Amino acid sequence: MADDNQNAPRTIDSVLDLLGGLGRYQLFQAALLAVSNLSVSFHLLNFVFIAQTVKQQCDVTPLYGNNTTTNYGTCDVSVQNTTTNVTSKHTCSAWTYDVQKDHSIVSEWDLVCGNVFFARLPQSLFIVGQGIGAATVSVLSDKFGRKPFLVMSHVLTAGAGFALAFSPNIAAFTALRMVNGIFQQGIVVTSSTMVMELFPMNRRVEVSAVFALVWSFCTILLTGTAYFGRDMDWRTLQLCFVSVSITVLLQIVFMGESLRWLITNKKAKNAIALFKRAARMNKLDVSNVALPGIRTENTPVELSSTETPSEVVKYSCLDLVRTRFMLKITTVVWFSWLVDSLTYFSLYLTASSLTDDFYLNFLLNSLAEVPAGPLFWFVGRRWGRRLFFITFHSVAGVCLLMATVIKSLAAGQVALTSSTVLAFIGKVGNAACFNGMFAYTPEIYPTNLRSIGMGSGSIAARVGGMIAPFISILAAIAPWAPGTIFGVACLVTAALNYMLPEAEGRELPQTIEDVKAWGKAPARD
């Protein structure tokens, strides 16, 4: 390695560049983190398949008399006395289904008619659990390290998912589903943060785009698993979904801690050991290279003028909103997460099926997310993150409003096709923004506030996710209302995104002061 490179003052990003932005070590670690996407998708979306809605009919009951005609409905039995012509209704106490009894939790535990609330409750509490996990694991991983809490969350998510398959009743299932949500969100927050910290600034947007594609691939793989297991009972299918979590063994054995977190928190021994391990894997000689801010007996400290001071900078949750500057950024980030999540899940829950085939419809919804990664890569890298979010929030808002207007005021096949195409484009724009927030949020918060910032954004997203199921009720009352709300909210978000700092071309910040120094235009070499 050249002497001028060895002696030059270094930032953490320059150290990552020195290791080779896409070196063997980084790619191997990224592959291990991609395993988290597989686990998250299988634990998050499995509920769609193990709690499938079913068609039911009241079970046959004893005749109410010889002079009666009995009609069996879905939720009640109608009995007409042929002599007096008086009709009475009786609530069902048992049902028959168009599938086997153990095909779904809905059919096994009779979660229909008056009990339909209990069929939706597990997913609602899963979202509550995600909020709890985002609030707790994010704080702990900022304080004690990324890897321990990623692995812990992964193991406990697998344990809760495994226990779900043996739930004796809906109460136990609901409680375990909430636990599953807590630790599943720990995987999301920690892995998203580690991915951003693993690569230098000139590689982050590409990696974010690739991980968005990995997510789409995982949902497609989930669809295939569910389709080939469609004749299984829900408990066996759940065990198939959970089996992907065995990949956590790879993370336990081979995954390293975040080098950026180790350097920022002055974990000298561990930082140097990890740095040398990465260099060996990348076939580089770093024997005379100093890590920024790390003092050792054999290597002098080398700090750039923009590097953090020797004392570790500690932050708390209050630092997200303590100053006017951080309050402005955090408020916009929270609002963006909430709107993106609400729109994303509401469109999924309230949109008309693209086909009559349940599995094909889910597959098509997964394919709609494929453009999200490439769009973030192309626009986010060329014109910056702010312009990306402003553009695609505007696309989503305009298309959803136009689709609503056409569907409400026009009729015929042309109008139906036009509104469907516009709604699909709006969904692509929304998916692009939602996926982009997973990359952008860790970019704008300092290292010791990064997971907390990511977790707080995720909590805001959970609020949107909890509201989403009620949108179908609103749609039944006023069909034009959901599209109008989503469209206006997306346009408001686009306007607010103008206030965000630009992360393109800048190192991940170590302190709040680093973020304050950013402008609103991409930094260019």
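Modeller: The chain contains 21 helices and five strands. The model is a predicted one. Of its 525 residues, 52% are buried. The accessible surface amounts to about 22900 Å², and carbon and sulfur atoms contribute 65% of that.

The helix to examine is H3, residues 24–44. Two packed helices are described by the angle between their axes and the distance between the axes. For H3 and H13 (residues 268–281), the axes come within 7 Å and cross at roughly 105 degrees. Angles of 65 to 115 degrees count as roughly perpendicular, and H3 and H13 are therefore roughly perpendicular to each other. On the H3 side the contact involves Arg24, Tyr25, Phe28 and Gln29, which meet Leu274, Arg277, Ala278 and Met281 of H13. By class, the residues of this contact are five nonpolar, one polar and two charged.

The other partner is H7, residues 146–164. Here the axes of H3 and H7 are 11 Å apart and the packing angle is about 30 degrees. An angle under 35 degrees counts as roughly parallel, so H3 is roughly parallel to H7. The crossing of this pair is left-handed. Leu33, Val35, Ser36, Ser39 and His43 of H3 meet Leu150, His154, Thr157, Ala158 and Gly161 of H7. The residues in the contact of H3 with H7 comprise four nonpolar, six polar and no charged.

Most residues other than glycine have a negative phi, and most peptide bonds are trans. Lys266, although not a glycine, has a positive phi of about 60 degrees. Lys266 sits in the loop that runs between helix H12 (259–264) and H13. Its relative accessible area is 22%, so Lys266 is partly exposed. Lys283 also has a positive phi, near 60 degrees, and is a residue other than glycine. Lys283 belongs to the loop between H13 and helix H14 (324–350). With a relative accessibility of 63%, Lys283 counts as exposed.

For a view of another loop, take Lys55, between helix H4 (46–50) and strand S1 (56–58). Lys55 counts as exposed because its relative accessibility is 64%, and exposed means over 50%. Leaving aside residues up to four places away in sequence, Lys55 touches Thr96, Tyr97 and Asp98. Its C-alpha atom is separated by 9.3 Å from that of Val112, a residue 57 positions away along the chain.

The crossing of H17 and H18 is left-handed. The contact of H17 with H18 involves 18 nonpolar, seven polar and three charged residues.

Methods:
Residues are numbered from 1 along each chain as its sequence is written. This is a predicted model: local features need pLDDT of at least 70, side-chain atom pairs count only at pLDDT 80 or more; totals for chains, interfaces and linings use all residues. Side-chain values use heavy atoms; hydrogens and water are left out. Helices (H or I, at least four residues) and strands (E, at least two) are DSSP runs, numbered from the N terminus. Buried means under 20% relative accessible area, exposed over 50%, partly exposed in between (1.4 Å probe, protein chains only). Accessible areas come from the Shrake-Rupley method with a 1.4 Å probe; for residues, only the protein chains shown count as cover. A crossing is left-handed if the near helix is turned anticlockwise from the far one by less than a right angle, and right-handed if clockwise. Ala, Val, Leu, Ile, Met, Phe, Trp, Tyr, Cys and Pro count as nonpolar, Asp, Glu, Lys and Arg as charged, and the others, Gly among them, as polar. Axes are lines fitted to C-alpha atoms, for helices over the stretch in contact, and angles run from 0 to 180 degrees between N-to-C directions. Angles under 35 degrees count as roughly parallel, over 145 as roughly antiparallel, 65 to 115 as roughly perpendicular and the rest as oblique. Contact means heavy atoms within 4.5 Å.
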